Amino acid sequence: MRYALLICTDETAMEAVSPEEAEASMQRYLAFGEEMGRRGVLQGGERLRPTTDATTVRVRDGEVVTSDGPFAETKEQIGGFYLVDCKDLDEAIEVAAKIPGAQVGTIEVRPIWEM
């Protein structure tokens, strides 16, 4: 079964890290990607631009309404995601727990609704 692993962290905390800490974090993510690639579960993933670059779209009474920023104010923002193919939820949770962001934020494990 395929799962989206949504990486939710506090953007402001990430902006405050030193270049050395940012590089160390990047290396942990690269190592995660290599390990999951070898296991054959990783199907894709991307880092997202900050919420300051987001545009939210709504349609109300037939009118398209856009606003800058994310849909809701939250303490954590979705900073990236991985798409994985795991045998079951237990394996998806085990994979999610290895994502470096799980140590400072949360990882939402969301099953893909196959159409």
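Of the contacts in the protein with a separation of 6 or more, 76% are between residues 24 or more positions apart, a contact being heavy atoms within 4.5 Å. The model is a predicted one, in which local features need pLDDT of at least 70, side-chain atom pairs count only at pLDDT 80 or more, and totals for chains, interfaces and linings use all residues. Residues are numbered from 1 along each chain as its sequence is written, and side-chain values use heavy atoms, with hydrogens and water left out.

**Overall make-up**

The protein has three helices and six strands. Both kinds of element are DSSP runs numbered from the N terminus, helices being H or I with at least four residues and strands E with at least two. Their order from the N terminus is β-α-α-β-β-β-β-α-β. Along the principal axes, the C-alpha atoms fill a box of roughly 50 × 45 × 20 Å. Of the 115 residues, 27% are buried; buried means under 20% relative accessible area, exposed over 50%, and partly exposed in between (1.4 Å probe, protein chains only).

**The sheet and its helices**

Strands of a sheet pair through backbone hydrogen bonds, either parallel or antiparallel. Here four strands form an open sheet in the order S2-S5-S1-S6, with antiparallel pairing. Strands S2 and S6 are the edge strands, each pairing on one side only. Two strands count as paired if DSSP finds at least two bridges between them; S2 and S5 have five bridges. In this pair, Glu46 stands opposite Phe81 in S5.

| Strand | Residues |
|---|---|
| S1 | 2-9 |
| S2 | 42-47 |
| S5 | 77-85 |
| S6 | 106-111 |

Helix H2 (residues 19-39) packs on the sheet and touches S1, S2 and S5. The direction of H2 makes about 160 degrees with that of S2. Helix H3 (residues 89-97) lies across S1, S5 and S6, at about 30 degrees to S1. For these angles, axes are lines fitted to C-alpha atoms, for helices over the stretch in contact, and angles run from 0 to 180 degrees between N-to-C directions.

Val59 is found in strand S3 (residues 55-60). Asp61 sits in the loop between S3 and strand S4 (63-68). Phi of Asp61 is near 50 degrees, a positive value in a residue other than glycine. Is Asp61 buried or exposed? Asp61 counts as exposed because its relative accessibility is 86%.
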